[in-house]
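Here is a short report on one protein model. Look over the sequence and fold before reading on.

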Amino acid sequence: ETIGISRHTPAVWLRAPITLVFENGKLDLCAVPDCIALTPATVEKLTDCEGRLDKWLILENRTTFERLARTLPAYTGALWVPGFAPSWWKQAVSTILHRCPALVLISCDPDPAGIDIALDVGHICTKRDVAWEPWYMDRVTLSNLPRKKTLTSEDQIRLARLRGTQLPGALQNLVECMQETGIKGEQEGIKYNMGN
């Protein structure tokens, strides 16, 4: 900053078939063909939303998010979670879920860190009384990936900690699969069926 370079304004990337309502006007997201970024200051001013929204997809991988955002089925929104999300993202998404509630489907890398990220996002949903569930984070998804990686020692530590926690069924299933096989995967290889 001493030479004139300052931190960029953070932003929440999303797409949704709704109109966001603010005190001073409305923003029709239906006009956006792929995705749009909203700053935390913008989201903070959100007062309501209009339109039908049946579910949110929250995706960890940016490429996957952008690809799916272009082809979302009707009444579906999408948000990109930047890995282990910073506090500003959590606050902004909490506001979005409060003003525009819908079932949340969370899809992250099928690996130990991905499970931690999914649980962290799920916690935001739970605090807002919004139902959530893992999406494409299970044994079948991991097994069907064209490329897999071996778990690292850090992955093993995360996995041991996760084994001692209460998890949704699909995530428990994924933990057991990784424990048995010693493999993990990445979200880019998942073949999403947008009908489920």
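## Terms and model

Two strands pair if DSSP finds at least two bridges between them. Helices (H or I, at least four residues) and strands (E, at least two) are DSSP runs, numbered from the N terminus.

The model is predicted: local features need pLDDT of at least 70, side-chain atom pairs count only at pLDDT 80 or more, and totals for chains, interfaces and linings use all residues. Residues are numbered from 1 along each chain as its sequence is written, and side-chain values use heavy atoms, with hydrogens and water left out.

## The sheet

Six strands form an open sheet: the order is E4-E1-E7-E6-E8-E9, and the pairing is mixed. Strand E4 (36-38) and strand E9 (132-134) are the edges; each has a single partner strand, so one side of each lacks a neighbour in the sheet. On average, neighbouring strands are turned by 25° against each other, direction ignored.

Strand E1 (residues 12-15) runs antiparallel to E4, joined by 3 bridges. Trp 13 has Ala 37 in E4 as its bridge partner.

## The helices

Helix H4 (residues 112-127) lies across strand E6 (55-59), strand E8 (103-107) and E9. Its angle to E9 is about 165°. Axes are lines fitted to C-alpha atoms, for helices over the stretch in contact (heavy atoms within 4.5 Å). Angles run from 0 to 180 degrees between N-to-C directions.

Thr 95 sits in helix H3 (residues 87-99).
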